[in-house]
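The following exercises concern a single protein structure. Each task is followed by a solution in steps.

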Amino acid sequence: MSGASVLPVLSLSDVQQVAQLIQQAYAPASGQVSAENQRRLQQEILEIQRRPEAWGLVVPFLEHQDPNIEFFGAHTIQVKIARDWDQFPQDRTVELRDVVLGLTVRAVNSGRSKVILRKLYVSLTSLALKLIPKHPGEWPSWVLSTVTYLSENGATAEHILDFLTIVAEEIESADLLQPTRLQMRQTLLDSVSVVVQGITTTIAKPAHQRTPGELNSALKCLEAWMPTLPASDLTPLIPILINLLTPLQPALEFDENAFVPASDALQAIMSDSALSDGSGSKSLTEPLLVWMHTWGGRIVDATLRSGFVDTVSHSFCKLLAAVGDHSTSYLASHLASTSQPGPLAGPSPLPTKSQLNQNYLRLLLAYTALPGYYGVDEEESEMTLGFWYLFQEALWSVEYQFGFEEEEEDGVDDSDVVREREKERLEREQEKDQWTIAKAVYSELVTVLERKVKWPGRDELSRWANDQKDKFQVYRRDVGDTLINAYYILRNDMLEFYINGIVERLNTRHGDDGWEEIEAALHCIMSIQEAVPIEDNEQLQRLFGSEILGRLPISGRYRVRRTMLSLLGTYASWFTTQRTPPPGPNQMSLLMTAVSYVVNALPESSLCLQAANALRDLCDANRTALAPHIAAFGELHAGLTGIPDTEKAKVLQSIASVIQALPPEEEIPPVVTIVNPVVAKLMEALQTSVRLPEDARALAIQQLQTLTGVAKGLTRTNDGLVSLDDSDEEREALEHMNRARADPRMVKLRDELLNAVRGTVELMSTDASVSDALSDLFKSITSLPTDATLISLPPGPLLELVCIASQRQLTAVWLSLASMLFPQLDPPPAITTSLVSTPSPENWAVVTNVLPVLLQISLTFLGQPGAMEANPDIVQAFFSCVEAVARIFTKALYQLPDGLLDALMDCSMTALSLQERYSLVSSCTFLHTLVNRTTRSDDLENGKTLLAQRHGRSIMQGVLLDLAGIAPRSASPNLIDLLSVLLSRYPAESRVWMSEVLFSDNFTPSKASREAKEKFLKSVASSRTMKRTREAAQEFVLVARGLENSSFGYSSVVV
């Protein structure tokens, strides 16, 4: 097969000139080339490669002695076929096929490197991907014919297997339409017998008759073809692969060159083949378990003796994990089975299935328990963690089966009853045996993992790099997830194991020893919290009582104390199960013991973060129980001077949580006590903002965060929404709160608070960090009437502050707050039997005053050239805000000053033409709500007419232009919803608008013909359902974009 004349022939000087560029870029004679020059040279080479004449570089470059130039020649033919196929004369493609085949054979016979050969194999496959779908007759049976040609012209089995590997990989990863993909996959299926024969012949050879390269190529080929090979072709290969794992003689070492690729292939069978769903227990699982029973212990023992996981051991660990992922159900269902596996080659007599499974679990546990620290001394123990979750799930799903031959006679005799009873007895016995074994395995796992998560001593830890510490920390978290699965098997026995272990270590500890082991056990207990029921528990009582918590250090020992603090916060909700006696001289309750331990750690900077978080969680979950101890929290507040400012907000939130459990009248003094100093400090920050701006800014942010924490603490934890059948208790509680809010002390405090916030907005709201802190405060300090606290502020004044801040600097933060505050001006009724609510005159006045100002600010900003494209976050927040107004205060939009509604609609039309999806969708949502609410309201008839006459056609035009191609297709559902509401609310007008827009001369260029537009118009005009309208619009979207006959178009329809 020749025919190089099909490629252009370049002059020698042209070829040499390009070759010199390559040498200058990658192998300069003068030494290292600068990065800038290399980029320039690479760009020049890339430009040359894009030219049609670059086809002529392939042959001379592949014959060059410089490996860089040779590589560029191979790379060029690959790139030209894949990317510049249209440049090549389509009537000479068969000649090109022959040229590429010839070049490949020449490279094989001249001993070119595998890198060059791989490029040429990829080129052949790319060529097939171009030819086969359109002209299959130009390369019949292309895989088989190529293999035959290569073989007849000197290619070895290794070369052919490498080529077949590339074929499978490239076709699998190619971006093809579904029909083409199926066609190319069929060419693979047609070649399966040849591939299997080539692989089998190579891997079945005696070791002395094959090279490591041949074996590796055969097994890589097998992995690449794994998704294509049917189970019937895979099954005969499994015994050969298992045999490759075995040493040639019992006394010899495992052959790494055979073991690792064979192990990889078996792993691929279990994860990526027709047997990957857990099937093949007789042909795959059981033979592997028998092999592991015979040889696995030898690998593990050698690893433990040497203290080093070599390549074979690492690969064996991966094989163990793969068996666990593949055969979890088999392992669980046969954990206690006394039957033997099917007839297999192995030790005689064969062990039972239970013995095989238990041996497998021992081997896996050995890797889980590898000596040393993960990430420092070993990397394998983490591989085994995922199995224990799958195994626990499988154990719960086991269904026991015992075979009894069924009688064919009708009716039931005594033997049937006896047989059924015997079956039930065997099932009970096996289930009992299974759980006995499972508990023993998971008990060992728990013991192992407790040791594995132990931190080293201070001296050893100081030698670790930071990335090793981070990796070990992540490993500890992963172990925590595994321990949850262990808890579901062992339940309270697991807690008892940890508690007894901690007590024993506390009893036997000497000097500074033992704290790392205690910390590890505490970490394990903390990790399983989500699985532990919130109910009275003797083991947790021991943990949080004098037996353990009372004996832990209260100074120094930061790691164990830090873990205990986190543990207390994690188990905060458990303390609700315990009785907390009132304050007195009697023994302290478990809850107060925990709180005291936490409070003791607050002044220490290295523990303050965990202590503040734990206190916040304990107080939030146990408000009622802690309320009688409010005096103690008053003392805590008085001693806050020793606590870092960064954590004071959480401490005050904790105190506020306890205060909230008091009757509203009793909340007043402590609320005034904790809030007044914060407000005073905020005012102090404002007064010094000119003289010390950075200090004032930092102080203001801290006080705003503290006020946010207090507001969250004072908010009820239960659902504050009142049901429609209002209870007397709710009514009475609301009246109590309203009376307390009316107390002059609280009125004064809220006024001072609002003034401080107003001053902050006026002086500092342009600072991003301050605005974020103000946003958090606004969200926490406003509420529905039923959730109001003593310091809740009304939405009206805050909305006015949002306007002030927006005037200083418009941001998405302020517009998002406005979206939240507008609905609060028309809250659902607190205690009433009516479902209808209307805003108060005061709130309506706020809306009519604030809305024009906010609109004017926003529209002025967004009306600047390029502002909408540059600020998609502001665009989205703005339309979310006006959508909230349109939904609740529709009438207010029609009472805007002259020209402002028109400006808003013009802005909406501009947003419809944006390419940024979220901006476009938010404007769609606003327009949909506006049309819907306007046309549904009985008192907005004039508004309905005005909207249609002034803006109806422009809205329709924006929607149709977007559907025809201006907008991204992901926005189509929102646009179709807007089209549907226009058609349903303005049916006659919409048909006129659609006809005018679709057939106007300035309609956006698209693939939609006049016939397609007429069909679309007719379909929506005759549609009687939303579904039909949606289908017609979706079809128009595909037609207009030229996607109506593509698999991509229909497969990617967004609904």
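**Exercise 1.** Does Ile-674 count as buried or exposed?

*Solution.* The model is a predicted one. Step 1: Ile-674 is part of helix H32, which spans residues 664–687. Step 2: the threshold for a buried residue is under 20% relative accessible area. Step 3: the relative accessibility of Ile-674 is 3%, so Ile-674 counts as buried. Step 4: leaving aside residues up to four places away in sequence, Ile-674 is in contact with His-637, Leu-652, Ile-655, Ala-656, Ile-659 and Val-710.

**Exercise 2.** Identify the buried residues of helix H7 (residues 142–152) and state where they lie around the axis.

*Solution.* Step 1: the buried residues of H7 are Trp-142, Val-143, Thr-146, Val-147, Tyr-149 and Leu-150. Step 2: these residues cover an arc of only 165° around the axis, and therefore lie on the same side of H7. Step 3: their cover includes helices H5 (93–109), H6 (114–134), H8 (157–173) and H9 (178–189). Step 4: just after H7, Gly-154 adopts a positive phi of about 100°.

**Exercise 3.** Determine how helices H48 (residues 1010–1022) and H49 (residues 1026–1040) are oriented to each other.

*Solution.* Step 1: the two axes come within 9 Å and cross at roughly 170°. Step 2: angles over 145 degrees count as roughly antiparallel; H48 and H49 are therefore roughly antiparallel to each other. Step 3: the crossing of H48 past H49 is left-handed. Step 4: residues making the contact include Phe-1016 and Val-1020 of H48, with Ala-1032 and Phe-1036 of H49 among their counterparts. Step 5: by class, this contact comprises seven nonpolar, two polar and three charged residues.

Notes: Residues are numbered from 1 along each chain as its sequence is written. This is a predicted model: local features need pLDDT of at least 70, side-chain atom pairs count only at pLDDT 80 or more; totals for chains, interfaces and linings use all residues. Side-chain values use heavy atoms; hydrogens and water are left out. Buried means under 20% relative accessible area, exposed over 50%, partly exposed in between (1.4 Å probe, protein chains only). Helices (H or I, at least four residues) and strands (E, at least two) are DSSP runs, numbered from the N terminus. The arc is that of the directions from the helix axis to the C-beta atoms. Contact means heavy atoms within 4.5 Å. Axes are lines fitted to C-alpha atoms, for helices over the stretch in contact, and angles run from 0 to 180 degrees between N-to-C directions. Angles under 35 degrees count as roughly parallel, over 145 as roughly antiparallel, 65 to 115 as roughly perpendicular and the rest as oblique. A crossing is left-handed if the near helix is turned anticlockwise from the far one by less than a right angle, and right-handed if clockwise. Ala, Val, Leu, Ile, Met, Phe, Trp, Tyr, Cys and Pro count as nonpolar, Asp, Glu, Lys and Arg as charged, and the others, Gly among them, as polar.
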